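Dear colleague,

Please find the structure below, with its sequence. My notes on it follow.

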Amino acid sequence: MMEFNTTVPRDALAVDAAVAAVAEFLREAGVAEQDQFQAGVCLAEALNNVVEHGSAEASRAPMALVCRLEPDWIRFEIADPAGGPYTLPDPDAVDGLSEGGRGWLIIRGWMQQVELRQESVGTRLLLGMRRSDK
Amino acid sequence: MALIYSSQGDVLFVELPTRLVMGVAPEVRNEIKDLITQRSARIVLDLREVEFVDSSGLSVLISTLNSAKAVGGDVVLLGPRAPVRSLIELTRLHHVFQIFDAPDAAAAALG
C-alpha cells in the first residue's frame, strides 16, 4: 500500500493544487489514466463541498487529506475539523439544465464507498473506488 | 483569464482551459457571457485541451447554454477527451449537448 498525506486550506485554488498533487501521486504509481481522472474528480467534489458549505468561523481550519493506494482500491479520507452534522445530499435531485448539484451525483456514480462519520470534533469522509485496471 | 476564441462566420469557437475547475469557473463563465453579449450566441465550446473538469466546470457549460438560448442562440461541444466525455455522460449532459469531434461539423450544427 502507498499513501499520500497533505493538508488542504479552504479555498478553491488550494483544492485544485491538492487534487493535482494526488493525480501526480497516482500517475507515478502507475494508476490507469481513467482511474486517475475519476478519483481526482471525486476528490475535487468532496473538497469543494467543504469549501463551499463550510462555516465562516471555521474558515481557517485546513482539511486533512489522506490518499491510500491499495492493490485493488483508491481510497480517500478527508478529515474536516470544522465539519458540522449533515447528511449526504440526494444525487438524483438535479435536473438537466440546473447549474449546480452534480457533485454528489459524480461521487455516487464513481465511488463504491461513500461514508460520512461524525467525529468527536468535526467529520471524516471516506471515499473508495475500485481500480478498473486490477 | 483571457479566453482564446475565434469566429467561423457567425459561430464563435471558445477554447476552454486545461483545468476547468471551481477556482476558475466564475471568471470563465463571466467571460463567455460577455462574448455572447458582444459577439455571438452561437457557441462551440472547444474542450480539446481540457484535461480536468469538475462539477463547477460542468456548470460553465450549462450556464453558457442557458445564456445563449435566452437570446436565441445555441451551444455545442467540441472534442472532449475520453475521461472528460465519461464525466459528461455520467452527469447525463450528453442528453443536453450535441458533441462533435470535428470543428466543421460543430459549426455546421449551429448553421
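Helix H1 of chain B (residues 25-38) has 14 residues, which at 1.5 Å a residue should span 20 Å; its end C-alpha atoms are 20 Å apart, so the two agree. The expected span is 1.5 Å times one less than the number of residues. Helices (H or I, at least four residues) and strands (E, at least two) are DSSP runs, numbered from the N terminus.

This is a predicted model, in which local features need pLDDT of at least 70 and side-chain atom pairs count only at pLDDT 80 or more, while totals for chains, interfaces and linings use all residues. Residues are numbered from 1 along each chain as its sequence is written, and chains are lettered from A and ligands numbered from 1 in the order in which they are written.

The buried residues of H1(B) are B:Ala25, B:Val28, B:Arg29, B:Ile32 and B:Ile36. Seen down the axis of H1(B), they fall within an arc of 100° and therefore line one face of the helix; the arc is that of the directions from the helix axis to the C-beta atoms. The face turned away from them carries the exposed residues B:Asp34, B:Thr37 and B:Gln38. Buried means 20 or more other C-beta atoms within 10 Å of a residue's own, exposed 12 or fewer, and partly exposed in between, with C-beta atoms placed from the backbone.

Between the chains, 22 residues of chain A are in contact with 21 residues of chain B (C-beta atoms, placed from the backbone, within 7 Å). The largest share of the chain A side, eight residues, comes from H2(A).

Yours sincerely

How values were computed. Contact = placed C-beta atoms within 7 Å.
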